[in-house]
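Hi,

Here is the structure I promised to pass on. My notes follow below it.

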Amino acid sequence: MMAGQQLEGGRARAWWIGALLGVLAGCGDGPGTGDTGAAPATGQGDAGGGAGGTAAEGVVVLRADRVLDGRGGALGGRGGRIEAVVEAGSTAGAAVYDLSGATLLPGLIDTHVHLGWHFDREAGRLHTAESTDGPEDQALYAAENAWKMLRSGVTTVQSVGGAEDVPVRDAIAGGTLPGPRVLTSIRAINAGTGGPAAMRAHVDEMAAAGADVIKIFASESIRVGGGPTLSQEQLDAACGRAGEHGLRTVVHAHGPESASRAARAGCSQIEHGALLDRATLELLAGRGLYYDPHIHVIFDNYFTNAERYLGIGNYTEEGFEQMRAAVPVALATFQEALSVDGLEIVFGTDAVAGAHGNNWRELVYRVEEGGQDPMAAVVSATSLAAESLGLGGSLGAVVPGYEADLIAVAGDPSADIGALGRVVFVMRAGTVYRNDPVGAGR
């Protein structure tokens, strides 16, 4: 097989990604094996097609019409990592996944989800502290949400956050539970945490508990106006201490003042930012913060499931009116952000109860309503999102040595972003979790 060239416009003709998965061989069918109606692989060896099927020892070839690598080029894994992209050649002895008619690309990375949020079994309403579901239920719902997102093409999530994230994260990492790679903040900082000293103590506690990131609420919810809630000193303390631990900080900040304070404090990323003005967006770009707007999935999910939320906390009729009024404002802010030089806009959805598995719809909305270039949208959810997580050297691109987190979709999302809603194949870290006929996407 010949080494592949760099791709023009992120496309290739009949490229085969060959991944040598010797490290995974002999592990059986892997976690969560089940009947998913998957099409079998061709060639020698049973590469699996069910939930968690492990590739056979030897070469695994993924044959697709196009390869998008999140960077506009492509290459192919050993031990669950990408090794090379090669042109058509002999596949003797290989397990071949025929993805003709599909586009292969890195798995999507959602930088803002709430893994454990769910509707309670008995009442069918949002889980709260007063709900009858216990900690074990929380973990099971989180596992269910993780599976929904993995099957939809999301192979890494940043959950911000809940205690249930930790056992689910660790079980997925240990190979005993199918799901996307999970990073978690465990528990967030908010105005009730206390002054600067309490902020630093919280960060110390989360670092000791194994948090991957620190989540900070620096503004109110959009349902009550989105005003700032933390002082400059509090943010300086929280983000400064996180930096000492080598941890990133993601900051809930709807308006200019809270986002500006976070930027001045050296925080890593702004979440939501629905009310930001151009000057603040330019400040974020100048200070090197990532911007993670949530302009569709969160709102649409709330409106669809209003009866399951209304009457709980600030989920009031007035709060829902505030959200409806925020929809065009958030869209306009996103469109403004697209024109700010150097502003790195990543993919996040704020997926809560009812939204898991619909993450891809955010990208469709960004392109079709927000005017984002389709390829830029794909990059925001792959290599750029990985970079924002500090994992740009191992995730989010089809590059030699990177984790084999790969999905295939029916169609070409660089031309039709809606193709992201037609997932037919999901591989995470070299293990196949979905393999459907190309015509049966989603």
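Start with helix H1, residues 135-151. At 1.5 Å a residue, its 17 residues should span 24 Å; the end C-alpha atoms lie 25 Å apart, which agrees. Bear in mind that this is a predicted model.

H1 has a set of buried residues: Asp137, Gln138, Tyr141, Ala142, Ala143, Asn145, Ala146, Met149 and Leu150. What do the buried residues of H1 pack against? Their partners are strands E7 (108-113), E8 (154-159), E16 (423-428) and E17 (431-435), plus helix H2 (165-173). Just after H1 comes Gly153, with a positive phi of about 105 degrees.

Next, a helix pair. The axes of H7 (residues 297-304) and H9 (residues 317-338) come within 10 Å and cross at roughly 150 degrees. That makes H7 roughly antiparallel to H9. The crossing is left-handed. From H7, the contact uses Phe299, Tyr302 and Phe303. They meet Phe320, Met323, Arg324, Ala326, Val327 and Ala330 in H9. By type, the residues of this contact are eight nonpolar, no polar and one charged.

Last, Gly371. It is in the loop between helix H10 (361-368) and helix H11 (374-380). Is Gly371 buried or exposed? Its relative accessibility is 57%, so Gly371 counts as exposed, the cut-off being over 50%. Leaving aside residues up to four places away in sequence, Gly371 touches Leu338 and Arg366. Gly371 and Phe334 are 37 residues apart in sequence, with their C-alpha atoms 9.3 Å apart in space.

Best wishes

Notes. Residues are numbered from 1 along each chain as its sequence is written. This is a predicted model: local features need pLDDT of at least 70, side-chain atom pairs count only at pLDDT 80 or more; totals for chains, interfaces and linings use all residues. Side-chain values use heavy atoms; hydrogens and water are left out. Helices (H or I, at least four residues) and strands (E, at least two) are DSSP runs, numbered from the N terminus. The expected span of a helix is 1.5 Å times one less than its number of residues. Buried means under 20% relative accessible area, exposed over 50%, partly exposed in between (1.4 Å probe, protein chains only). Contact means heavy atoms within 4.5 Å. Axes are lines fitted to C-alpha atoms, for helices over the stretch in contact, and angles run from 0 to 180 degrees between N-to-C directions. Angles under 35 degrees count as roughly parallel, over 145 as roughly antiparallel, 65 to 115 as roughly perpendicular and the rest as oblique. A crossing is left-handed if the near helix is turned anticlockwise from the far one by less than a right angle, and right-handed if clockwise. Ala, Val, Leu, Ile, Met, Phe, Trp, Tyr, Cys and Pro count as nonpolar, Asp, Glu, Lys and Arg as charged, and the others, Gly among them, as polar.
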